[in-house]
Amino acid sequence: MDPLLLGALVAFFTIFVLFSGVSVALGLLIVSAGFLIIFDGMRSLELMPEILFGKLDNFALLSIPMFIIMGASIASTRAGADLYEALERWLTRVPGGLVVSNLGACALFAAMSGSSPATCAAIGKMGIPEMRKRGYPDGVAAGSIAAGGTLGILIPPSVTMIVYGIATETSIGRLFLAGVIPGLLLVGLFMAWSLYSTWRSGDASVLSAGSYTWKERFEILPRVLPFLAIIVGVLYAMYGGIATPSETAAVGALMCLVIAMVIYKLWNPGDLWVVLRDSTKESVMILFIIAAAGVFSYMLSSLFITQAIAEWIGTLDVNRWVLMGAVNIFLLIAGFFLPPVAVILMAAPILLPIITTAGFDPIWFAVVLTINMEIGLISPPVGLNLYVINGIAPDISLKTILKGSLPFVGCMVVAIILLCLFPGLATWLPDAVMGPTR
């Protein structure tokens with residue numbers, strides 16, 4: 001059978017199986033095993049266990065559960081609420097300081113936890129009621145938190161970037177650095193739209209907040225600064241050549257647990273058990289998807305599907321930016337239905353040779369891909385962050401939350417366009433810190 005036609009069949013059955021409700025990892029294994037048996041015979045299954053476990057035989061994977069524990073220990077405390085309160089007290093005199101505080105808190109908490117839903121939940125519980133009480137429109141209050149929560153997969157340390165690095169054999173350190181400037185760019189765009197939307201609503205009085213004394217501003221800092229110090233320490237150890245990403249993740253996870261126990265009195269064994277249990281569940285889920293995606297990639301390569309697609313794309317007489325536009329549309333559609341980790345692991349083996357052949361930087365592409373995945377987090381039908389916000393503020397309709405989130409989708413599209421026009425936004429910092437790759 002023609003490899004391109006076979007690839008179309010694989011795509012159809014993969015979508016069918018995943019939409020049936022089967023878990024992503026199990027669905028990938030079912031599709032892989034089925035096509036290998038049909039086209040390579042039963043003997044091909046003998047390699048599946050070796051590929052499955054071989055994909056997990058990677059020291060870099062240790063950083064995933066460590067960063068997840070790091071985020072879970074922070075999310076289990078009042079760190080998000082304290083971070084929000086600290087920023088509110090320090091930015092209270094800034095016009096629209098409350099919405100700026102919320103988005104700033106989302107950015108910082110995202111950097112600490114690396115989880116978009118956790119960021120939405122932690123900051124939204126405090127920020128949404130407070131913004132509504134001060135007169136901010138419901139759409140701005142809900143949409144800004146939903147969008148701000150997506151920063152968890154872009155601003156380092158990001159589990160999504162780690163997965164991309166492992167899937168494409170790209171430097172995780174470079175990927176972390178590549179997400180910094182685009183992450184700050186998105187925060188700036190989100191803040192600009194939120195302030196404009198609030199001003200346009202006609203009630204300029206909401207742009208001013210209450211006043212706090214200097215004592216009130218400083219007394220909150222001891223509860224927030226230790227966590228921020230850990231993030232700075234982790235990044236310094238990683239880029240200062242002191243330790244590998246996996247080693248710094250392990251130390252960061254331990255320190256976050258210790259600080260959660262010391263500052264927030266997380267002594268109850270039951271609470272600690274919940275942190276470790278939830279972290280283990282999420283880690284196993286991600287690692288299982290990584291292992292299954294390894295088998296899926298082997299199946300695509302064994303049946304010459306990946307090679308045929310790359311060769312076919314190479315023969316197309318189209319501008320490379322037209323090609324990148326088609327790739328972005330594909331990623332957007334995939335992100336609407338699948339979690340970011342699944343999309344990266346399924347698409348990376350096919351897309352990487354295509355984008356490198358077209359002359360695009362894989363580090364730059366990682367940022368573009370991640371922003372596409374962010375859009376999926378606040379877009380139906382899955383739109384995980386939308387449902388998290390709806391759970392926090394059930395009296396705000398899902399329609400209102402979605403309506404409030406759409407302008408932030410526009411901000412993300414603008415960010416992608418700016419990255420296409422100025423690729424250095426993603427590549428300059430990694431090259432400056434770690435040296436150019438070529």
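Val-322 sits in helix 17, which covers residues 320-337. This is a predicted model, so keep in mind that the numbers here are computed from it. With a relative accessible area of 52%, Val-322 counts as exposed, because the cut-off for that label is over 50%.

Val-322 also belongs to a nonpolar patch on the surface, together with Leu-4, Trp-312, Leu-316 and Val-318. Taken together, these residues have about 420 Å² of accessible area.

## Cysteines without partners

How many disulfides does the model have? The count is zero. A disulfide is a covalent bond between the sulfur atoms of two cysteines, and the rule used here asks for a pair of cysteine sulfur atoms within 2.5 Å.

Take Cys-106: the closest cysteine sulfur is in Cys-120, 6.6 Å away, so that gap is too far for a bond. Cys-256 is in no disulfide either, and the nearest cysteine sulfur to Cys-256, that of Cys-106, is 18 Å away.

Over in helix 11 (residues 180-200) you'll find Ile-181. Ile-181 is partly exposed, with a relative accessible area of 25%.

Which residues does Ile-181 touch, leaving aside those up to four places away in sequence? They are Leu-425, Trp-428 and Leu-429. Asp-395, by contrast, lies 214 residues from Ile-181 along the chain, and the C-alpha atoms of the two are separated by 36 Å.

Note on methods. Residues numbered from 1 in each chain as written. Predicted model: local features only at pLDDT ≥ 70, side-chain atom pairs only at ≥ 80, totals over all residues. Heavy atoms only, no water. Patch = residues over 30% accessible without salt bridge, like charges linked within 9 Å, V, L, I, M, F, W, Y side chains within 5 Å. Areas by Shrake-Rupley, 256 points an atom, 1.4 Å probe, with all protein chains shown as cover. Salt bridge = Lys/Arg side-chain N within 4 Å of Asp/Glu carboxyl O. Helix = DSSP H or I, 4+ residues; strand = E, 2+ residues; numbered from the N terminus. Buried < 20%, exposed > 50% of the residue type's maximum accessible area, 1.4 Å probe, protein only. Contact = heavy atoms within 4.5 Å.
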